[in-house]
Structures are given as C-alpha cells and as structure tokens.
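Please keep the sequence and the coordinates in view while reading.

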Amino acid sequence: MTYTIFIFLEPYLAQWLQHESGGEYPIKLKRGSAEADILQATLLPQPKADGYIPQFKPEEGQVEIALPYFKGKDIRTYNYLPPKAAMALRECIRNRFRVKLWKDLYTVGNITKRTDITISEWMVSNGIVNDDRNWNTIAKIFQRQRAVYAPNKRLSTRCSTKHRKKTQNINTTLED
C-alpha cells in the first residue's frame, strides 16, 4: 500500500516537481532530497481528534506526494503532515525551483538571447506547460532575481533616468 500526502502547489511548481521526480504521479520524492528530509522530520501519527477525517483524494490545486520509506519512522503510523510542515515543504520546493531557474537561465549563453524565448525553452525542457499564466509567473520570478543582482540596482529602481536625478537634486537642495 502506498501512503500519500497532499499539498497545495501552484500549477508550474507541481508540473516542475513531477518532472524533477521522474514524471510519475503520485510524485515520488528522491531519497535524501531536502523534501524527503523535511517529511522525515515532520511526519506525525494521524490525529485522534473526534472531528478529524483523513484525506484520500487531492482537492483542487493540491498534488499527491507518495511518502518514501524511512529507516527510523514507519509511514504506516507516521503519515500525517501538519499544516506548518506542509508550509515548510512548499517553501523548500519553491526555493529549489528558484535556484534551478537562476542556475539554468542566468548563463553567458542565455544573456545574449531574448528572455522570452529562453524562458519558453526552459519551461518545455523542465516539463512545465507553456501557457500564459505559467510563463508570466516564471518571467516575473526571473525578473525579480535579476533585479537583486543587477549592478547599481538599475533593474529595481528608476534612479538612473535623467528625470529622477533632477527631482532628487531638487529635493536635496530644498531641504538644505
């Protein structure tokens, strides 16, 4: 019997995670991965509260993840993921996605290409459906990451334009 958990993920993250994990559904996490380590540390026995009903099917927006076997924790008993642990797992997946996106797209070869084509090609090679919603989300994530590392913050502020410089100079002279 396969024990599974369900977590909410954005469509692009769910598609990417499924592709990264071998393309199977329910998603099987790799042994020793950061996600598997989070599960091993946070899985608890099912709550014994009167109103608790275990979940057997994913809701809209949820993905199903198969629980890996652990040496020190029997998943027949420990198969409940508390809400805070689900948030930690979601953040781990999101952070790993952002690192892979940055590592793959911010290369010397990709700097000279058009960003829209580069993102579309990356999405296809990473198992993400190339639709407007996914593309816009990934493009915005990449734009924000580039802005963090931009020299002189030229991607994150408009201070480099002449108009902004003039207004800043006027403001400083008025204060003096």
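A residue is termed buried when its relative accessible area is under 20%, exposed when that value is over 50%, and partly exposed in between. Asp 74, with a relative accessible area of 32%, is therefore partly exposed. Its salt-bridge partner is Arg 76, and the closest N and O atoms of the two are 2.9 Å apart. Arg 76 has a relative accessibility of 59% and so counts as exposed. The model discussed here is a predicted one, and every value quoted is computed from it.

The protein chain contains 7 helices and 5 strands. Followed along the sequence, these elements give the pattern β-α-β-α-β-β-β-α-α-α-α-α. Of the 176 residues in the protein chain, 33% are buried. Among contacts in the protein chain with a separation of 6 or more, 73% are between residues 24 or more positions apart.

Strands β1 and β4 (residues 62-66) run antiparallel and are joined by 5 bridges. Within this pairing, Ile 7 is located opposite Val 63 in β4, and Phe 8 is located opposite Gln 62 in β4. In a regular strand, side chains alternate between the two faces of the sheet. How many of the 5 residues of strand β1 are buried? In strand β1 (residues 4-8) the number is 4, so this strand is largely enclosed by the rest of the structure.

The loop between α1 and β2 holds a further point of interest. Pro 26 is situated in that loop, and the peptide bond joining Tyr 25 to Pro 26 is cis, with omega at about 5°. For comparison, most peptide bonds are trans.

From the sheet, attention may turn to the helices. On the α3 side the contact involves Phe 97, Arg 98, Leu 101, Trp 102 and Leu 105, which meet Ile 138, Ile 141, Phe 142, Gln 145, Arg 146 and Tyr 149 in α6. By residue class, this contact of α3 with α6 comprises 8 nonpolar, 1 polar and 2 charged residues.

Helix α6 (residues 132-149) also contains Asn 134. Is Asn 134 buried or exposed? Its relative accessible area is 3%, and Asn 134 is therefore buried. Residues up to four places away in sequence aside, Asn 134 touches Pro 11, Tyr 12, Gln 15, Met 123, Ile 128 and Val 129.

The charged side chains complete the account. The whole structure contains 8 salt bridges, one of which has already been described for Asp 74 and Arg 76. In another, the side chains of Arg 94 and Glu 10 meet at 3.1 Å, N to O. Arg 94 belongs to helix α3, whereas Glu 10 belongs to the loop between β1 and α1 (11-20); the pair therefore ties together parts that are 84 residues apart in sequence. Glu 10 is partly exposed, its relative accessible area being 30%.

Arg 94 forms a salt bridge with Glu 91 as well, and here the closest N and O atoms are 2.5 Å apart. Arg 94 and Glu 91 are 3 residues apart in helix α3, so about one helical turn separates them. Glu 91 has a relative accessible area of 37% and is therefore partly exposed. Through shared partners, these salt bridges join Glu 10, Glu 91 and Arg 94 into one network.

Definitions and conventions:
Residues are numbered from 1 along each chain as its sequence is written. This is a predicted model: local features need pLDDT of at least 70, side-chain atom pairs count only at pLDDT 80 or more; totals for chains, interfaces and linings use all residues. Side-chain values use heavy atoms; hydrogens and water are left out. Buried means under 20% relative accessible area, exposed over 50%, partly exposed in between (1.4 Å probe, protein chains only). Helices (H or I, at least four residues) and strands (E, at least two) are DSSP runs, numbered from the N terminus. Two strands pair if DSSP finds at least two bridges between them. Contact means heavy atoms within 4.5 Å. Ala, Val, Leu, Ile, Met, Phe, Trp, Tyr, Cys and Pro count as nonpolar, Asp, Glu, Lys and Arg as charged, and the others, Gly among them, as polar. A salt bridge is a side-chain nitrogen of Lys or Arg within 4 Å of a carboxyl oxygen of Asp or Glu.
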